[in-house]
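Dear colleague,

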Amino acid sequence: MEKTEKQDFLSMDRRTFLKVVGAIGASAFLGLHRSQITKALELSKTKIIWLHGAECTGCSASLLDAEDPDLTQALNKLSVDLVFHETLMAHQGIFVDGKPASTSELNSEILLDEAIEEGNYILVVEGAIANGPDGSGKYCMYGERTFKDMFAKAASNANMIMAVGMCAAFGGINTADSDLADLTDFRGVDFVKESHSKGMLTELGIDKPVINIAGCPSHPDWILLTLAAVILGKIDINDLDSVLDKYKRPLVFFPETNTMHDNCPRRGYYDRGILDEDFSGEGCLLKVGCKGPYARSDCGLRKWNGGVSMCTQAGSSCIGCSEPGFPDSTSPFYEMGEDKPLMYGVDIDTAAKVGTAAAAAGVGIHAIRRFVFKDDEE
């Protein structure tokens with residue numbers, strides 16, 4: 001932390017900036033660099049339009065649970081004007097003969113239209129976008145409007161788009177396999193599960209810079225620190241390839257070379273081959289369906305609830321909610337998927353068996369690696 005405190009924030013290059021925000025939380029970042037951020041933003045204000053599609057509003061609830069700074073403090077420090085956020089707004093739409101009535105001061109529908117027309121904003125989308133039935137988008141309506149139409153207008157005039165949460169980023173639970181999936185045809189902003197070609201932007205023929213903040217829900221730090229990086233110019237929205245993975249998730253929070261398992265509070269039990277058979281023990285949760293070994297996120301380091309705990313620490317298996325194919329690709333949640341690929345090129349069943357054998361022999365994870373690599377060579 002000492003090195004971070006001595007850093008001149010405004011002179012940081014992109015690589016250094018990303019290392020800093022990856023190592024500390026939003027509270028520490030905004031606190032340490034408060035005066036420099038104020039200086040950088042004193043003459044500017046960033047507008048944000050936040051739209052809700054098909055979702056549970058869990059990502060907004062997660063963001064509202066942010067601590068020190070809370071959401072209001074963070075928005076003030078970053079000089080953000082949250083122009084539109086349906087869940088947080090008091091006034092609603094008033095329609096007369098099918099058209100929005102009154103003024104933008106009393107009618108959020110008119111306010112949204114005016115904000116879109118003015119342009120120069122970041123569009124944040126929370127929730128999937130219905131394309132069905134038959135491309136009409138009528139399976140998700142806002143009064144007289146389809147959400148698909150609202151999204152199309154807002155996306156066309158936005159500087160960039162942040163898809164917050166699994167529903168907006170990849171379709172999430174709305175795109176889970178079911179008898180209704182083809183009929184409702186829900187889409188993520190730029191992806192449907194792992195497919196980029198099926199995203200709503202492709203469907204609409206709109207080309208905009210997109211950042212996907214994965215997670216169900218997304219972590220407040222992932223949202224606030226990404227916004228900070230964009231607003232402060234530490235991420236060039238016209239050159240995102242170097243800071244995002246192939247699914248457009250920020251690499252600093254969703255690293256390609258590490259999994260949640262690598263920094264899990266229960267990792268030591270795995271190394272010793274202590275694998276729980278149910279949820280009542282204190283060992284590794286691999287055998288009760290933990291998806292941590294192939295879920296890419298920094299949950300194990302960043303943790304949740306003010307940095308106090310996280311899923312596996314609290315006794316629940318990781319359900320892989322940051323992965324594009326969620327929930328289908330990580331289901332069933334609480335059963336071990338023997339055929340799923342794990343680190344070092346082995347599947348979960350083999351790792352579990354080797355881990356147990358290693359524990360009996362009194363050796364750790366290095367023995368497992370040697371065992372696996374030797375097996376491959378033979």
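His-261 is found in the loop between α12 and α13 (267–271). The model is a predicted one, and His-261 is buried in it, with a relative accessible area of 5%. In UniProt, an unreviewed entry places the feature "binding site" at His-261, Cys-264, Cys-284 and Cys-290. These four positions span 30 residues in sequence, yet no two of their C-alpha atoms are more than 10.9 Å apart, so they gather at one spot.

Cys-284, another of the annotated positions, lies in the loop between α13 and α14 (299–302). With a relative accessible area of 6%, Cys-284 is likewise buried. Beyond its neighbours within four places in sequence, Cys-284 is in contact with Arg-266, Tyr-269, Tyr-270, Ile-274, Leu-275 and Asp-276.

I turn next to the nonpolar core. The largest one comprises 84 residues, and those that touch the most other members are Ile-49, Leu-51, Leu-123, Phe-147, Phe-151, Met-162 and Val-189. Helix α12 (residues 220–231) gives the most to this core, contributing nine residues. Both domain 1 (2–231) and domain 2 (260–372) give residues to the core, so it lies between them.

Strand β1 pairs with β2 (residues 80–85) in the parallel sense over five bridges, and Ile-48 stands opposite Leu-82 in β2. Six bridges join β1 to β5 (residues 121–126), and these two strands also run parallel; here Lys-47 stands opposite Tyr-121 in β5.

As for the chain overall, it has 16 helices and eleven strands. Of its 378 residues, 53% count as buried. Among contacts with a separation of 6 or more, 68% are between residues 24 or more positions apart. The accessible surface of the protein chain comes to about 17,600 Å², of which 49% belongs to carbon and sulfur atoms.

With kind regards

Conventions
Residues are numbered from 1 along each chain as its sequence is written. This is a predicted model: local features need pLDDT of at least 70, side-chain atom pairs count only at pLDDT 80 or more; totals for chains, interfaces and linings use all residues. Side-chain values use heavy atoms; hydrogens and water are left out. Helices (H or I, at least four residues) and strands (E, at least two) are DSSP runs, numbered from the N terminus. Buried means under 20% relative accessible area, exposed over 50%, partly exposed in between (1.4 Å probe, protein chains only). Contact means heavy atoms within 4.5 Å. Accessible areas come from the Shrake-Rupley method with a 1.4 Å probe; for residues, only the protein chains shown count as cover. A nonpolar core is a set of buried Ala, Val, Leu, Ile, Met, Phe, Trp, Tyr and Cys residues joined through side-chain atoms within 4.5 Å. Domain bounds come from an automatic or database domain assignment. UniProt positions are given in the numbering used here, feature names are shortened, and annotations may be inferred rather than shown by experiment. Two strands pair if DSSP finds at least two bridges between them.
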